[in-house]
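Grab a pencil and open the viewer. Here are a few exercises to work through, each with its solution.

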Amino acid sequence: MLIYTAKLTKTKLALFVGAVFLVLLLIIAAVSSLKTHDAAGTAALTVSEVSFKNIRDNGDRIAFLNAFGWEVGADPVAIEEVVIPEEFDGVYAQYNELQRYQGLDLEKYRGKTAKRYTYEVTNYPGNEDNVVANLLIYKNRVIGGDVCSTEYRGFMHGFERTAG
């Protein structure tokens, strides 16, 4: 049996704690820099990596959704003007929580009229039918949106692809 003893000084303890902290920071940085991948294995960007500005035409809207790994139809299936309400009821408050989760906030646009562009998503994992992506655009900027199922008791989430 081998016994090793060492005197632990405040300096050695501080260096050890600092080294552990540095390793943890490096691990967190490495994990957060990983990109999600779609079913084909191609990298899909995260919300923080995509520009929400200068969305001027259909090509820009499709490119925006493609940046998250979504393949969509060539043209929107619906285009509607939407007035962001002055006061958020329960449903709109919940929808804004989804927007906040992805770094957006509709509260800045209370009372404003935006356009909602709805695209059919053609590559949603495990559910190829009845999935759409909605983009809320105000002055050439994406201010909100989601990917959702149009089926009864469907799902809704932000632009980023989930595992699957």
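This is a predicted model: local features need pLDDT of at least 70, side-chain atom pairs count only at pLDDT 80 or more; totals for chains, interfaces and linings use all residues.

Residues are numbered from 1 along each chain as its sequence is written, and side-chain values use heavy atoms, with hydrogens and water left out.

**Exercise 1. Work out the strand order of the open sheet and find which strands stand at the edges.**

Step 1. Strands are DSSP runs of E with at least two residues, helices are runs of H or I with at least four, and both are numbered from the N terminus. Two strands pair if DSSP finds at least two bridges between them.

Step 2. Reading across the 5 strands gives β3-β4-β5-β6-β7, with antiparallel pairing.

Step 3. The edges belong to β3 (78–83) and β7 (156–157): each has a single partner strand, so one side of each is left without a neighbour in the sheet.

Step 4. Now zoom in on β4 (residues 113–120) and β5 (residues 131–138), which 6 bridges join. Here tyrosine 117 sits opposite leucine 135, and arginine 116 sits opposite leucine 136.

Step 5. Helix α2 (residues 58–67) touches β4, β5 and β6 (141–149), while helix α3 (residues 90–101) touches β3, β5, β6 and β7.

**Exercise 2. Find the residues that touch the most other members of the largest nonpolar core.**

Step 1. Know what to look for: a nonpolar core is a set of buried Ala, Val, Leu, Ile, Met, Phe, Trp, Tyr and Cys residues joined through side-chain atoms within 4.5 Å. Buried means under 20% relative accessible area, exposed means over 50%, and partly exposed is in between (1.4 Å probe, protein chains only).

Step 2. This core has 22 residues, and the ones you want are Phe52, Phe64, Leu65, Trp70, Leu135, Val142 and Phe159. At least two residues come from each of α2, β4, β5 and β6.

**Exercise 3. Is isoleucine 55 buried or exposed?**

Step 1. Locate isoleucine 55 in the loop between β2 (43–44) and α2.

Step 2. Check the relative accessible area: at 6%, isoleucine 55 is buried.

Step 3. See what surrounds isoleucine 55: beyond neighbours within four places in sequence, the contacts include Phe64, Ile137 and Asn140. Asparagine 140 is 85 residues away in sequence, yet the C-alpha atoms are 4.7 Å apart.

**Exercise 4. Trace the salt bridges that arginine 100 forms with glutamate 97 and glutamate 107.**

Step 1. A salt bridge is a side-chain nitrogen of Lys or Arg within 4 Å of a carboxyl oxygen of Asp or Glu. The whole structure has 5 of them.

Step 2. Arginine 100 reaches glutamate 97 at 3.2 Å; both lie in helix α3, 3 residues apart, about one turn of the helix.

Step 3. Arginine 100 also pairs with glutamate 107 at 2.6 Å, N to O.

Step 4. Follow the chain onward: glutamate 107 bridges to arginine 110 at 3.7 Å. Shared partners join Glu97, Arg100, Asp105, Glu107 and Arg110 into one network of salt bridges.

Methods:
Contact means heavy atoms within 4.5 Å. Axes are lines fitted to C-alpha atoms, for helices over the stretch in contact, and angles run from 0 to 180 degrees between N-to-C directions.
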